[in-house]
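Visitor: I would like to go through a structure and ask what stands behind each label. Please show it first.

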Amino acid sequence: QVQLVESGGGLVQAGGSLRLSCTASGLTFSTYTMGWFRQAPGKERETVAHITWSGASTIFADSVKGRFTISRDNAKNTVYLQMNSLRPEDTAVYYCAGASVATGRYDYWGQGTQVTVSL
């Protein structure tokens, strides 16, 4: 059974930082592209960042470039999202997801963690 468990969300003031973690089990983590997504109330889910299985390549949404970084530790089956210079518009539920190299689809999703940025 595949499980992705996010942690690290919370309430932070604008300009602050948070680091989200997502630990996977039940899959061969090192063969999965991992992504972070977010969904704010009343809005569509949007992509935040992706990282390839080796960590060699990362992609970021324009809205978070220069503020967020994504990394992974394959030995710990964990992917991270470091969020700096947070803004109120970053408030959302953040989800991690895994896409197998074979299919390229994000088939597995975590339950989400709330990030709230106050003024």
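**Strands, core and rings**

Guide: Strand 1 and strand 3 are antiparallel partners, joined by 5 bridges. This is a predicted model in which local features need pLDDT of at least 70 and side-chain atom pairs count only at pLDDT 80 or more, while totals for chains, interfaces and linings use all residues. Residues are numbered from 1 along each chain as its sequence is written, and side-chain values use heavy atoms, with hydrogens and water left out.

Visitor: What makes strand 1 and strand 3 a pair?

Guide: Two strands pair if DSSP finds at least two bridges between them. Strand 1 and strand 3 have 5 bridges, so they pair. The strands themselves are DSSP runs (E, at least two residues), numbered from the N terminus; helices would be runs of H or I of at least four residues.

Visitor: Which strands form the open sheet, and in what order?

Guide: The sheet has 4 strands in the order 1-3-8-7, with antiparallel pairing. Strand 1 (3-7) and strand 7 (68-73) each have a single partner strand, so they stand at the edges and one side of each is left without a neighbour in the sheet. Neighbouring strands are turned by 15° against each other on average, direction ignored; the axes behind such angles are lines fitted to C-alpha atoms, for helices over the stretch in contact, and angles run from 0 to 180 degrees between N-to-C directions.

Visitor: Why is L18 called buried?

Guide: Buried means under 20% relative accessible area, exposed over 50%, and partly exposed in between (1.4 Å probe, protein chains only). L18 has 14% relative accessibility, so it counts as buried. L18 is in strand 3. Its contacts (heavy atoms within 4.5 Å), not counting residues up to four places away in sequence, include L81, M83, L86 and V115.

Visitor: What makes a set of residues a nonpolar core, and how many residues has the largest one here?

Guide: A nonpolar core is a set of buried Ala, Val, Leu, Ile, Met, Phe, Trp, Tyr and Cys residues joined through side-chain atoms within 4.5 Å. The largest one here has 29 residues, and W36, L81, M83 and Y94 have the most contacts inside it. Elements giving two or more residues to this core include strand 4 (32-39), strand 5 (46-51) and strand 9 (92-100). Strand 3 gives the largest share, 4 residues. In soluble globular proteins, nonpolar side chains tend to be buried together.

Visitor: Why is the pair of Y32 and Y108 called tilted?

Guide: Rings of Phe, Tyr and Trp (its six-membered ring) pair if their centres lie within 6.5 Å; planes under 30 degrees apart count as stacked, over 60 as edge-to-face and the rest as tilted. The structure holds 4 aromatic pairs. In the pair of Y32 and Y108, the centres are 6.2 Å apart and the planes are at 50°, so the pair is tilted. Y32 lies in strand 4 and Y108 in strand 10 (residues 106-109), so the pair ties together parts 76 residues apart in sequence. Y32 is buried at 11%, whereas Y108 is partly exposed at 31%.

Visitor: How do you know that F37 and W109 form a tilted pair?

Guide: Their ring centres are 4.7 Å apart and their planes are at 50°, so the pair is tilted. F37 in strand 4 and W109 in strand 10 are 72 residues apart. F37 is buried at 6%, and W109 is partly exposed at 29%. F37, Y106 and W109 form one aromatic cluster.

Visitor: What makes R45 a charge over the ring of F37?

Guide: The CZ of Arg or NZ of Lys must be within 6 Å of the ring centre and within 35 degrees of the ring normal. R45 lies over the face of F37 at 5.8 Å from the ring centre. R72 lies over the face of F29 in this way too, at 4.4 Å from the ring centre.
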